[in-house]
Amino acid sequence: MTIKFFDLKVEYGAYKEELTAAALETLQSGHYIMGSKLKSFESAFAKYIGVKYCLGVGNGLDALKIILMGMETSGEDEIIVPAHTFIASWLPVSDLGAKLVPIEPDPSTFNINPKLIEKSINQNTKAIIAVHLYGRPVDMRALMRIGEKYNIPIIEDAAQAHGATGFGGKKCGGIGKAAAFSFYPTKNLGACGDAGAILTNDSRLYQIMSKIRNYGSSRKYIHDIQGVNSRMDELQASILSIKLKHIEDFNKKRQKIAACYSKNIQSRYVSKPKMDSHHVWHQYVIRVQKRSEFINHMKKFGVETMIHYPVPPHLTGVYKNQLNGIDLPITELLCAQVVSLPIYPGMSESDQFRVIQACNEYKQK
Ligand SMILES: *Cc1c(COP(=O)(O)O)cnc(C)c1O
């Protein structure tokens with residue numbers, strides 16, 4: 001039997017009664033958009049992360065876009081972004097016509113390297129987007145210091161880091177000016193469809209963003225500002241409220257699998273990720289020199305793997321011509337070497353040990 005990279009049916013199966021009852025109740029309520037289920041998820045999620053305000057939106061990409069719109073981002077602005085990330089961290093920036101300023105990662109964490117940020121700041125720098133990639137908290141202490149020094153807001157892309165601890169006891173998503181979360185089904189906290197959220201402590205920004213997500217309107221048919229239609233629906237909100245009660249447990253399970261991998265994978269050809277007790281292991285990402293050879297070896301052992309991400313954003317068709325000739329060698333090296341191993345709550349121990357065994361029997365040719 002193949003070990004799947006991810007099996008969403010396991011999580012559903014474990015909470016089937018609760019989830020089905022919640023979904024059924026919403027279906028029978030006859031209220032599907034902007035109702036009580038959304039309100040109660042928003043307050044529960046804000047409380048969990050430790051911020052004042054939460055807005056449920058359509059997805060993680062929209063969450064980032066609405067934050068940037070709320071900050072009145074325009075064509076003159078520059079936004080600092082990590083070079084090594086999922087393309088969704090970049091798309092809202094170019095969508096609003098702003099200039100992307102990619103910064104190389106620290107290869108030991110895969111996250112944006114704070115030491116490389118300051119030289120790219122100028123009078124047009126509007127914001128810095130910090131992505132807690134793979135579930136590992138960015139060095140937010142360093143980023144907040146830079147933000148304060150130059151008076152530039154930090155936007156957190158916490159789409160892979162629900163429940164991870166940042167610094168000073170605060171959770172990722174509760175540190176910067178505003179944060180975007182995604183509840184795409186495979187994320188640490190996943191809906192049964194698309195959903196996302198925005199968090200902030202800034203009441204003015206919150207007021208503006210709550211209009212933006214709803215056609216630029218706070219009262220029906222009164223439209224003050226340019227808006228979009230991006231609202232988390234009641235069905236997703238009711239499902240997420242149930243799953244939110246179990247997020248700590250989901251993350252503990254991921255952390256246990258990561259610890260098991262890190263302890264037992266002992267191959268000199270496999271470079272393991274650095275341990276960090278605050279990491280929530282959205283992905284367990286190793287590095288190998290000969291990636292396709294390694295992936296084929298794992299496949300022969302019946303282990304599915306994935307690559308996050310095979311093409312760095314600056315080399316994709318969208319940005320290749322815009323960012324012509326930009327030199328990002330660390331990002332390109334990482335993208336050529338990273339492999340993600342299966343990790344998800346409910347993954348059996350015997351499957352974990354088959355993954356470990358397959359890694360340990362790999363001999364690079
Ligand atoms: C998933 C993800 C997003 C986008 O979220 P969607 O809900 O899929 O739109 C943004 N940034 C990162 C880092 C992600 O992993």
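Colleague: Which residue forms a salt bridge with lysine 211, and how far apart are the closest N and O atoms?

Modeller: Aspartate 224, with the closest N and O atoms 2.8 Å apart. A salt bridge here is a side-chain nitrogen of Lys or Arg within 4 Å of a carboxyl oxygen of Asp or Glu. Note that this is a predicted model, where local features need pLDDT of at least 70, side-chain atom pairs count only at pLDDT 80 or more, and totals for chains, interfaces and linings use all residues. Residues are numbered from 1 along each chain as its sequence is written, and side-chain values use heavy atoms, with hydrogens and water left out.

Colleague: Where do lysine 211 and aspartate 224 lie?

Modeller: Lysine 211 is in helix α7 and aspartate 224 in the loop between β9 (222-223) and α8, so the pair ties together parts 13 residues apart in sequence. Helices (H or I, at least four residues) and strands (E, at least two) are DSSP runs, numbered from the N terminus.

Colleague: Switching to rings. How many aromatic pairs are there?

Modeller: A search of the whole structure gives 15. Rings of Phe, Tyr and Trp (its six-membered ring) pair if their centres lie within 6.5 Å; planes under 30 degrees apart are stacked, over 60 edge-to-face, the rest tilted.

Colleague: What about phenylalanine 6 and tyrosine 344?

Modeller: Their centres are 5.4 Å apart and the planes are at 45 degrees, so the pair is tilted. Phenylalanine 6 is in the segment before α1 (8-14), tyrosine 344 in the loop between β11 (338-341) and α12 (349-360), 338 residues apart. Both phenylalanine 6 and tyrosine 344 are buried.

Colleague: Which kind of pair do phenylalanine 110 and tyrosine 134 form?

Modeller: Edge-to-face, 5.2 Å centre to centre with 75 degrees between the planes. Phenylalanine 110 is buried at 4% relative accessibility, and tyrosine 134 is buried at 2%.

Colleague: Now the core. Which residues touch the most other members?

Modeller: In the largest nonpolar core, of 35 residues, they are Ile67, Ile79, Val93, Ile155 and Ile198. Helix α4 gives this core its largest share, 6 residues. A nonpolar core is a set of buried Ala, Val, Leu, Ile, Met, Phe, Trp, Tyr and Cys residues joined through side-chain atoms within 4.5 Å.

Colleague: What does isoleucine 155 touch?

Modeller: Leaving out residues up to four places away in sequence, its contacts (heavy atoms within 4.5 Å) include Leu64, Ile67, Leu68, Met71 and Ala178.

Notes
Buried means under 20% relative accessible area, exposed over 50%, partly exposed in between (1.4 Å probe, protein chains only).
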